Amino acid sequence: MVDAMKSARDDLKVGLEETNIDEIEDLHDDMDELLDEQEEINEIMGRTYGVPEELDDDELMDELDTLEDEFEEEEEEEKETETPAYLVSAAAAANNEVKATEGKTVVSPVEAKKVEAKEAEDILA
């Protein structure tokens with residue numbers, strides 16, 4: 001065991017004699033400079049332009065929720081004003097009073113009343 005310790009000591013001495021401490025210090029200084037430059041680059045890249053630095057996530061989520069609600073309300077209003085395709089009468093289709101819009105059949109309110117009146121006449125006749 002003592003021989004192993006002597007051998008390790010001799011190997012360590014040889015290794016330290018071959019090592020240039022000034023070279024290690026220079027390398028360490030170079031690494032410090034590079035890390036400082038990298039930190040400076042990261043700081044520059046992390047800048048925001050035209051965006052307030054104090055953005056509140058809760059405020060942004062509230063605004064998004066409001067926009068979603070408005071969008072849903074608009075969709076509901078559109079659905080309420082459209083006449084579903086299954087309600088379009090054959091008479092309206094025959095009279096070309098039906099308008100095709102984006103694959104949906106839409107009848108204007110005036111045309112729908114005319115069709116309803118005609119259908120009522122047909123039923124009574």
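**The opening helix and its surroundings**

Reply: Of the 17 residues of H1, zero are buried, so the helix lies largely in the open. The model is predicted, and everything below should be read that way.

H1 covers residues 2-18. From first C-alpha to last, the helix reaches 25 Å. That is close to the 24 Å expected at 1.5 Å a residue.

Two charged side chains come next. Arg9 and Asp10 meet in a salt bridge, with 3.4 Å from N to O. The cut-off for such a pair is 4 Å, from a side-chain nitrogen of Lys or Arg to a carboxyl oxygen of Asp or Glu. In general, side chains of opposite charge can pair when their charged atoms come close. The count for salt bridges comes to one. Buried means under 20% relative accessible area and exposed means over 50%. Asp10 has 38% relative accessibility, so Asp10 counts as partly exposed. Arg9 has 45%, so Arg9 also counts as partly exposed.

Now the next helix. H2 runs over residues 21-45 and has 25 residues. Its C-alpha span is 36 Å, close to the 36 Å expected at 1.5 Å a residue. Asn20 caps the N-terminal end of H2. A side-chain oxygen of Asn20 lies 3.1 Å from the backbone nitrogen of Asp22.

H2 also holds Met31. Together with Leu27 and Leu34, Met31 makes a nonpolar surface patch of about 310 Å². Met31 has a relative accessible area of 44%, so this residue is partly exposed.

Then the whole chain. The protein has five helices and two strands. From the N terminus on, the order is α-α-α-α-β-β-α. Of its 125 residues, 8% count as buried. The accessible surface comes to about 11600 Å². Carbon and sulfur atoms account for 53% of that surface.

Last, confidence. The mean pLDDT of the protein is 80. Of its residues, 75% reach 70 or more. Among the elements, H2 has the highest mean pLDDT, 94. Strand S1, residues 99-101, has the lowest, 49. Where pLDDT is low, the predicted coordinates should not be read in detail.

Back to the part you asked about. H1 has 17 residues, none of them buried, and the Arg9 side chain meets that of Asp10 in a salt bridge.

Definitions and conventions:
Residues numbered from 1 in each chain as written. Heavy atoms only, no water. Helix = DSSP H or I, 4+ residues; strand = E, 2+ residues; numbered from the N terminus. Expected span 1.5 Å × (residues − 1). Polar contact = N/O pair within 3.5 Å; in protein donor to acceptor, adjacent residues only side chain to side chain. Buried < 20%, exposed > 50% of the residue type's maximum accessible area, 1.4 Å probe, protein only. Areas by Shrake-Rupley, 256 points an atom, 1.4 Å probe, with all protein chains shown as cover. Patch = residues over 30% accessible without salt bridge, like charges linked within 9 Å, V, L, I, M, F, W, Y side chains within 5 Å. pLDDT = per-residue confidence, 0-100.
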